[in-house]
Amino acid sequence: MVQVGEGSEAEERPLPIPRRVATLSVHTSPLDQPGTGDAGGMNVYIVEVSRRLAEAGVEVEIFTRATAGGVPPVVEMAPGVRVRQVASGPLEPLPKEDLPAQLCAFTAGVLRAEAARAPGYYDLIHSHYWLSGQVGWLAKDRWGVPLVHTAHTLAKVKNARLATGDRPEPASRIVGEEQVVAEADHLVANTRTEAGELIDWYGASGDRVSVVEPGVDLDRFRPAASGQADAERAAARQRFGLPPGGRLVAFVGRIQPLKAPDVLLRAVAALRSRDPDAVADLTVVIAGGPSGTGLDQPGALIDLAKALRVDDLVRFLPPLRGDALPALFRAADLVAVPSYNESFGLVALEAQACGTPVLAAAVGGLVTAVRDGHSGILVDGHDPDEWGQALGGLLAAPGLRRRLGRGAVTHARQFSWARTAAGLLAVYGEAVCAYRRAVAAGMCRDADALSASIR
């Protein structure tokens, strides 16, 4: 296992840089709005990394499934970044469970796009999520280039930490992930925890796994300007129709059992039951749309708030675009991330970059994204009483929240998308070198076009 970052060996020696990368994102498009459907942190990751790779001189072509008619087949998302929308199945969103049946059509679209180019057009494939890995597995053999894969989430891990009311991932996905792990030339993990899961749960070889931590847009997600915190908070609350005074706790993300917004509502109910005065001026904001098993009952969270008798405290907002999301983070006193599992937890990092402390579950990548006791508080488990106690303790301690808010900004500044892109370029270079060694040993297809095109 390799930690790609400051002072890594990969940064100290020159590595080849691919001219063009084919990025595969079958089940969700980088053009989709995060926070609803299947769009979330992975979308943000692909968008931000692709832009930085293009700024470094690497052309990126992103392949995703077309989900609507009347849209251009190719969209320039940013200079040097194209999104190619491949027709495969009905022109409408499909549940992830239905997408394996469309992989043949999607793969054909990817291969035909490459066949229309001069041989050796793409130098490397980077697939995201196991469905894309299945396509990348075939394309890499066809094109004679290395495959780098990022899982983002793992079925075995999700099933081991299943939320109440959530459906387990099917055995077919587990088998598919095992195949991709075995066939990929290199695996990128978001954290050391995820790297260990790939090695221990999926049998990945440690020398094929690198840790490249995601980042945050530090220009977009930033603290309020000096001396402007109160004014910005008031303006944001007015913008969203929220009470101008009192304390505000925000949840941002897809409304599904995995993200556990119900844990926050139950914690508030437990806190109110124990000490009604503790929530007397509290507003809880839930910003996001239904996703996954949450689509089965899109109004379930509203009904739960009523059943718990906390609906008078809760406000629901749709997924937020542009500057609205950082504005909400700066308007909040606290952001809650009670997920049952997160490969990283970009929401937690974005909130901290805005100077807002985070109350999060001590699971997966959140252990890295949140520095316990410095930028936020981590809670073991999802017991509503324990969450209520932690929430009440933070709400009652403005001095502690201010200290954590300062630590949150410092912690978030250690992460950036430029740093992530640099880490990926190091991984790409290592993958290319390893592929060339395999070619020399007669283990892979001849890669003359690859060697000639990569600088």
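Does Lys259 count as buried or exposed, and what is its relative accessibility? In this predicted model, Lys259 counts as buried because its relative accessibility is 12%, which is under the 20% cut-off.

**Lys259 and its surroundings**
- Lys259 sits in the loop that links strand 10 (247-252) with helix 9 (261-274).
- Beyond its neighbours within four places in sequence, Lys259 is in contact with Phe251, Arg254, Pro338, Ser339 and Glu342.
- One of those partners, Glu342, turns up again below, among the residues nearest the centre of the largest cavity.

**Enclosed space**
- You will find three cavities of 30 Å³ or more in the structure, and the largest cavity holds about 90 Å³ of space.
- Lining the largest cavity are 13 residues, with Glu194, Glu197, Asn341, Glu342 and Ser343 nearest its centre.
- Helix 7 (residues 192-202) gives the largest share of this lining, three residues.
- By type, the lining of the largest cavity has eight polar, three charged and two nonpolar residues.

**The second largest pocket**
- Two or more lining residues come from each of helix 8 (229-239) and helix 15 (398-412), with helix 15 giving the largest share, six residues.
- The lining of the second largest pocket divides into eight charged, eight nonpolar and three polar residues.

Conventions: Residues are numbered from 1 along each chain as its sequence is written. This is a predicted model: local features need pLDDT of at least 70, side-chain atom pairs count only at pLDDT 80 or more; totals for chains, interfaces and linings use all residues. Side-chain values use heavy atoms; hydrogens and water are left out. On a 1 Å grid over the protein atoms alone, a cavity is a set of points where a 1.4 Å probe fits but cannot get out, and a pocket is an open set with protein on both sides within 12 Å along at least five of seven lines; lining residues have an atom within 4 Å of a point. Grid points are joined across faces, edges and corners, and a volume is the space filled by probe spheres set on the points. Helices (H or I, at least four residues) and strands (E, at least two) are DSSP runs, numbered from the N terminus. Ala, Val, Leu, Ile, Met, Phe, Trp, Tyr, Cys and Pro count as nonpolar, Asp, Glu, Lys and Arg as charged, and the others, Gly among them, as polar. Buried means under 20% relative accessible area, exposed over 50%, partly exposed in between (1.4 Å probe, protein chains only). Contact means heavy atoms within 4.5 Å.
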